[in-house]
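Dear colleague,

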Amino acid sequence: MRRTIPQPASVAAAVVVLASLAVRVHLALRCAALPEYSDMEFYNEVALSPGFPTALPAGYPLFLRAVYALFGARNYTAVFVGQSVLSALTVYLVYRVARKVGTAATGITAAAVAAVYPNFILYNLTTLTETWSLLVLAALLAVLVAAIGEARRSILAALLLVIGFLFKPVMLFLLPGTWLAVRRKAFFAAAAAVVFVPLVSYEMIAGESFLRGSRGLYKAYHDPAPGGSAPMDSMRAELDGGELPSASYLRQGWVYIRDQRAHALESIHRKSTILVSRGWDAFVLQPIAGGAKRTRLLMDYAYLPVMVLGFIGMARRYGPRNRMIALPAIGYVLLVLIFSIFKYRYRLLLELVLIIYAALLLFPPKRERAAHPQS
């Protein structure tokens, strides 16, 4: 019986993934920050409340509830360690996706960057949904590039989008790009309808995720920046009270976009600056990262090389072999900028894709190297 000898690339990838796991678990065990402020505390409260979660998307509160049931209420170390394992799995999926659309060197490079990327590490030490949303996106991309039947691809992609919605509703904006990426579009649309209709029906009756989404559209155009001049609308006070149905927020959001186009464009521009500038979610992450000057500089500027190399890689390497990872990300960004508030942590999903394209820029497939020797 012949023994299979592991290939050097596989060994290198395993080393990267295991190193990422070791770093994440080490930091999780040492982290003393308490995630009891901002949205983090809200997730904890919902997780510890009786009954099925309806005040927030159910996925993450149920995850926290399961961890707390096993290891004790507010056992944050257990949450951080669990999320560290999930994050290391994301690093592995990044390797798989990048290798599929590029080469083994592409995969190892992308995985290595993801393994040490500060945002991918520090959000594991919160009670926020970012670890799960990155994992679901990486799994979706892995399905889109996998050598499987188109029917199976469509079903798996639709299921992953549902899972993403249950953790972070804004991930629903990945759906149009995913539809463009799959080949059997009618089959994907049917599969998405089958899995989303029951969820939509439930949300309309008992859940609040759609209400949060409609408020997000309203707030995207009614939370002016300091010194801004966004006009008041006649329903502002009533809408800010938060007691109206989703339709009221959606209607007033659309009315604002229609009647105040200049201010709407200004709002989109303001959100776009977050997409193309340095910065990080200091309010949430600084208690975890600490106040050292070197740490602040790292967090401030870590995104810039990923952004520059990633966008250049997307422009130069985009093609049939990798379009299925670009389209969901592009559609997501455009829809979030238009229809939602935009925070630094909403940028994370794009950052994962940019890391893959940065690796593609540095290590393109061999055919592209032959065609472009100067690369």
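In what follows, buried means under 20% relative accessible area, exposed means over 50%, and partly exposed lies in between, with a 1.4 Å probe and protein chains only. This is a predicted model, in which local features need pLDDT of at least 70 and side-chain atom pairs count only at pLDDT 80 or more, while totals for chains, interfaces and linings use all residues. Residues are numbered from 1 along each chain as its sequence is written, and side-chain values use heavy atoms, with hydrogens and water left out.

P328 lies in helix α18, helices being DSSP runs of H or I of at least four residues, numbered from the N terminus. With a relative accessible area of 0%, P328 is buried. Leaving aside neighbours within four places in sequence, P328 is in contact (heavy atoms within 4.5 Å) with L144, L174, G177, T178 and R323. Between P328 and L180 there are 8.1 Å in space, C-alpha to C-alpha, although the two are 148 residues apart in sequence.

N124, in the loop between α6 (118–122) and α7, counts as buried because its relative accessibility is 1%. Its side chain makes a polar contact with the side chain of S87 at 3.2 Å; such a contact is a pair of N or O atoms within 3.5 Å, where, within protein, one must be able to donate a hydrogen and the other to accept it, and residues adjacent in sequence count only if both atoms are side-chain atoms.

N124 is also among the residues that line the second largest cavity, together with R24, S87, T90, V91, F120, T131, L134 and L135. A cavity is a set of points on a 1 Å grid over the protein atoms alone where a 1.4 Å probe fits but cannot get out, a pocket is an open set with protein on both sides within 12 Å along at least five of seven lines, and lining residues have an atom within 4 Å of a point. The second largest cavity holds about 50 Å³ of space, and a search of the whole structure finds four cavities of 30 Å³ or more. Volumes here are the space filled by probe spheres set on the points, which are joined across faces, edges and corners.

The second largest pocket has a volume of about 230 Å³. Of its 14 lining residues, L144, E150, R153, R183 and M324 are the closest to its centre. At least two lining residues come from each of α4 (76–101), α7 (130–145), α8 (150–167) and α18 (323–339).
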